[in-house]
Protein chains: 2
Amino acid sequence: MSILAVGSVAFDTITTPSGQVKNELGGSATFFSLSASYFTEVRMVAVVGDDFTSEHEAVLKARGIETHGIEHAAGKTFRWGGHYTENLNEAKTDFTELNVFEKFQPRIPMEYQDSKFLFLGNIHPSLQAAVRRDMKNVSLVGGDTMNFWIQGTPKELREAVALMDVLLINDGEVKMLGGDSNMLRAAQKVLAMGPKALVVKHGEYGATIFFREGAFGVGRHPFRAPTLPLDEVKDPTGAGDAFAGGFMGYIASQEEINREVLKRALFYGGVMGSFAVESFGTHRLRNLKREEIEERFEIFRELTHIE
Amino acid sequence: MSILAVGSVAFDTITTPSGQVKNELGGSATFFSLSASYFTEVRMVAVVGDDFTSEHEAVLKARGIETHGIEHAAGKTFRWGGHYTENLNEAKTDFTELNVFEKFQPRIPMEYQDSKFLFLGNIHPSLQAAVRRDMKNVSLVGGDTMNFWIQGTPKELREAVALMDVLLINDGEVKMLGGDSNMLRAAQKVLAMGPKALVVKHGEYGATIFFREGAFGVGRHPFRAPTLPLDEVKDPTGAGDAFAGGFMGYIASQEEINREVLKRALFYGGVMGSFAVESFGTHRLRNLKREEIEERFEIFRELTHIE
């Protein structure tokens, strides 16, 4: 069933130990949508400037992504520059030019209204909440956020988080949002804010999903998916959004939503994140084969499977 | 089959966010042996001072550990003081008093010579190598080390590592020893030094075992075990040695050594490490029941198991 993805489209200038790219197509909605497109129908809502060409749009269309909801505004597309040193887990921002993204007001086209799944990329929490309230027929809402909103707009963020079914953030973010240096206690505090499940992304160590008691079935324990140790991480940019795309995309492709599905979804998230980092920008996510995804899923399963 | 454990006995003074203890029984051989004692017969070689009383020895004897090889020297037992802040993954050393440990020359009693398994705790690599060469009948040798030896005695350490079947170290240590910031590449460089397998401990994220090609069976991929997110880590001291004790102890309890056994051993390592951190010092490792270990093993299995 179809997913509506709301977030950013960006042109990224990135330096990593493996090389450099300039004005490379990126952004949270782009990475998410390309990744999810291997599992289900995806519809995008974002804003771009005059510099977003039909060639850029063709990258999305080639994956069957519905781009009708991408608003074309006068001005330049959002640009971000950053670099990674040997510690590829952390990006250092060199510059941020919001451009047309500064005034972004997501507008959901009429024909997107029947979307059954919604992903709220990392944008102002008040915009996340407004979109969530607009979309009355969705069966599951996933969302992301970042330190900037946790510290800068805590009240608005809590309102947005309360409207999400699954929040997907990283270790540092869950500890900051939960106000606790212990991951389990911080996770419990975040779940008390409203979401039914919390996905904590650990970078090269995989991800853990915590469930609110009784949500999606029974069981006291969280669940963890690994990542595949790779001999070269070319560019970690977008890995978190690719993870979310695999996670949500797999869920949207299933008949039912229960814990078993969410566990497998966590593995698919890791699989798509691991592809994302193998190239700069979105290149690895453009031409995957479904068999490659299933093969890697099987490797991930074997990575932690004991009889 | 029996394991010979060579390492330190110490009295630790530890401060964590959960409290403080003074002159608490610890040391690498102590944590390792208590942990391994739930799986197999354990024999210790270490050195202690006049301050090591029969009450301290009783802690080991109560778990059936053979203490005949613990040398009693004139002077004080090795003492270590350290503290942990909110980041419980890293200890800050307050003081180190080597005392009788400074002149430690491991002597293996005659009746230990038939030990089938050997664990070389974190001591001078030349001592590790000498003990390894003495023990001609062992079927598997595990060993630990630390940054101090990686930087201070690199040549001696390489010689010792070449004599080990399985090296168990943490993330930072594998990157330093392998001279590479990428974990997989660093692991491959360490395996090229001689060991058949490398266990990398990731603290709260679990552990990964990398195999040298063809060692212990076939397969291209590493294997990862999780840890259980705990709502309170009282004292991380000794968790790595408890991990090694569960890992080696489980292997020693099995008929055959193959990849399936090593994978399960990695889970048992995580299980024993997770018990260790639930109390200060060795207390949680003194009175476990085998059922508690099996119960937690099952939780660890479910933590990553998909159908």
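In what order do the 4 strands of the open sheet in chain A lie? The order is E3-E2-E6-E7, with mixed pairing.

This is a predicted model: local features need pLDDT of at least 70, side-chain atom pairs count only at pLDDT 80 or more, and totals for chains, interfaces and linings use all residues. Residues are numbered from 1 along each chain as its sequence is written, and side-chain values use heavy atoms, without hydrogens and water.

**Sheet in chain A**

Strands are DSSP runs of E with at least two residues, numbered from the N terminus. Two strands pair if DSSP finds at least two bridges between them. Strands E3 and E7 of chain A form the edges, each pairing on one side only. Neighbouring strands are turned by 15° against each other on average, direction ignored. E6(A) and E7(A) pair in the antiparallel sense over 5 bridges. Within this pair, Gly81(A) stands opposite Phe95(A) in E7(A).

| E3 (chain A) | 19–26 |
| E7 (chain A) | 92–97 |

**Nonpolar cores**

A nonpolar core is a set of buried Ala, Val, Leu, Ile, Met, Phe, Trp, Tyr and Cys residues joined through side-chain atoms within 4.5 Å. Buried means under 20% relative accessible area (1.4 Å probe, protein chains only). The largest core has 82 residues; Val6(A), Leu118(A), Leu198(A), Leu118(B) and Leu198(B) touch the most other members. A second, separate core of 66 residues includes Phe39(B) and Ile251(B).

**Thr16 in chain B**

Thr16(B) lies in strand E2 (residues 10–16) of chain B. Thr16(B) is buried, at a relative accessible area of 6%. Beyond neighbours within four places in sequence, its contacts (heavy atoms within 4.5 Å) include Tyr84(B), Asp235(B) and Phe280(B).

Terms used: Chains are lettered from A and ligands numbered from 1 in the order in which they are written. Buried means under 20% relative accessible area, exposed over 50%, partly exposed in between (1.4 Å probe, protein chains only). Axes are lines fitted to C-alpha atoms, for helices over the stretch in contact, and angles run from 0 to 180 degrees between N-to-C directions.
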